[in-house]
Amino acid sequence: MGLCDLVDYVADARELKARFPGYIMLGIEADYRPETVSEVGPLLAAYPFDYVIGSVHHLGAWGFDDPRQLDEYDRRDIDDVWVEYFQLVGDAAESGLFTILGHLDLVKKFGYRPTRTLEGELDHLVERIAKSGVLVEINTSGLHRPVREAYPTPGILLRLRQAGVPITFGSDAHRPEEVGRDFHHALELADAAGYEHFARLEADPAGGRALVAAMPLPKPSR
């Protein structure tokens with residue numbers, strides 16, 4: 001979405017929200033990039049978003065999840081890529097701009113894995129997320145990407161649960177038929193990680209960011 005489209009998008013979503021109260025919310029996904037965060041913050045504050053999903057898609061100028069830029073992986077140390085990515089995700093969590101962190105380990109999209117465990121870096125990231133109070137989504141779109149795995153991995157999800165980080169669910173739909181796709185799998189992942197509740201967003205009557213309600217996690221069907 002170009003910036004010029006934002007006004008119309010917000011107007012359309014607000015009209016639908018008024019027609020279908022309690023069902024439609026005004027949300028947006030926004031990139032976290034250190035070089036643009038000073039512009040993104042005021043832009044988000046200018047609109048009555050119920051929730052904002054914060055995501056990291058770039059390491060500097062490199063769009064690491066763009067299939068047109070895959071060659072850059074061959075020029076980088078993959079462990080350094082993951083460490084830099086974790087640092088930016090932690091920065092995004094602490095920025096206070098976002099309601100939810102999107103596709104937490106997106107950097108695995110094309111199947112490039114670190115050569116070491118990165119346990120220290122991962123523990124530090126989870127600690128930062130837990131202190132920030134931001135939600136984390138189980139994002140099922142990775143099942144349809146080269147990695148063939150939801151975001152985040154079960155191991156990361158377990159760490160998040162142990163740290164008390166609340167979860168919600170996202171399908172990252174780019175087409176109507178993808179909305180809610182594979183949520184049964186997301187439910188299985190949450191259950192396996194030991195989650196007993198998930199976070200449901202409810203519109204704030206005062207017009208601020210959505211309120212978060214803890215809901216019992218349905219047991220997945222076997």
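Trainee: At its computed relative accessibility, does Asp 79 count as buried or exposed?

Mentor: Asp 79 counts as buried, because its relative accessibility is 9% (buried means under 20% relative accessible area, exposed over 50% and partly exposed in between, with a 1.4 Å probe and protein chains only). Before going further, note that this is a predicted model, in which local features need pLDDT of at least 70 and side-chain atom pairs count only at pLDDT 80 or more, while totals for chains, interfaces and linings use all residues. Residues are numbered from 1 along each chain as its sequence is written, and side-chain values use heavy atoms, with hydrogens and water left out.

Asp 79 has a charged partner, since Arg 116 forms a salt bridge with Asp 79 in which the closest N and O atoms are 3.9 Å apart (a salt bridge being a side-chain nitrogen of Lys or Arg within 4 Å of a carboxyl oxygen of Asp or Glu). Asp 79 lies in helix H3 and Arg 116 in the loop between E5 and H4, so the pair ties together parts that are 37 residues apart in sequence (helices, H or I of at least four residues, and strands, E of at least two, are DSSP runs numbered from the N terminus). Arg 116, at 42% relative accessibility, counts as partly exposed. The structure holds 20 salt bridges, and another one is formed by the side chains of Glu 72 and Arg 75, at 3.1 Å from N to O. Here Glu 72 is buried, with a relative accessible area of 19%, whereas Arg 75 is exposed at 61%.

Phe 64 is buried, with a relative accessible area of 1%, and Tyr 85 is buried with a relative accessible area of 1%. Tyr 85 also pairs with Phe 86, and this pair is tilted, with 6.3 Å between the centres and 50° between the planes. Phe 86 is buried, as is Tyr 85. Ring pairs link these residues into a cluster that includes Trp 62, Tyr 73, Trp 82, Phe 110 and Tyr 112.

The loop between E4 and H3 holds Asp 65 as well. Asp 65 is buried yet has no salt bridge, and the nearest side chain of opposite charge, that of Lys 109, is 4.0 Å away (Lys and Arg count as positive and Asp and Glu as negative, while His and the chain ends are not counted). Leaving out residues up to four places away in sequence, Asp 65 touches His 57, Leu 106, Lys 109 and Phe 110 (contact means heavy atoms within 4.5 Å).

H4 covers residues 119-132, and its 14 residues reach 20 Å from the first C-alpha to the last, close to the 20 Å expected at 1.5 Å a residue (the expected span being 1.5 Å times one less than the number of residues). Leu 122, Leu 125, Val 126, Arg 128 and Ile 129 are the buried residues in H4. They lie on the same side of H4 because they cover an arc of only 160° around the axis (the arc of the directions from the helix axis to the C-beta atoms). On the other side of H4, Gly 120 and Lys 131 are exposed. Among the elements that cover the buried residues of H4 are helix H3 (78-94) and helix H5 (154-162), together with strands E5 (100-101) and E6 (135-139). After H4 comes Gly 133, whose phi is positive, near 80°.

Notes:
Rings of Phe, Tyr and Trp (its six-membered ring) pair if their centres lie within 6.5 Å; planes under 30 degrees apart count as stacked, over 60 as edge-to-face and the rest as tilted.
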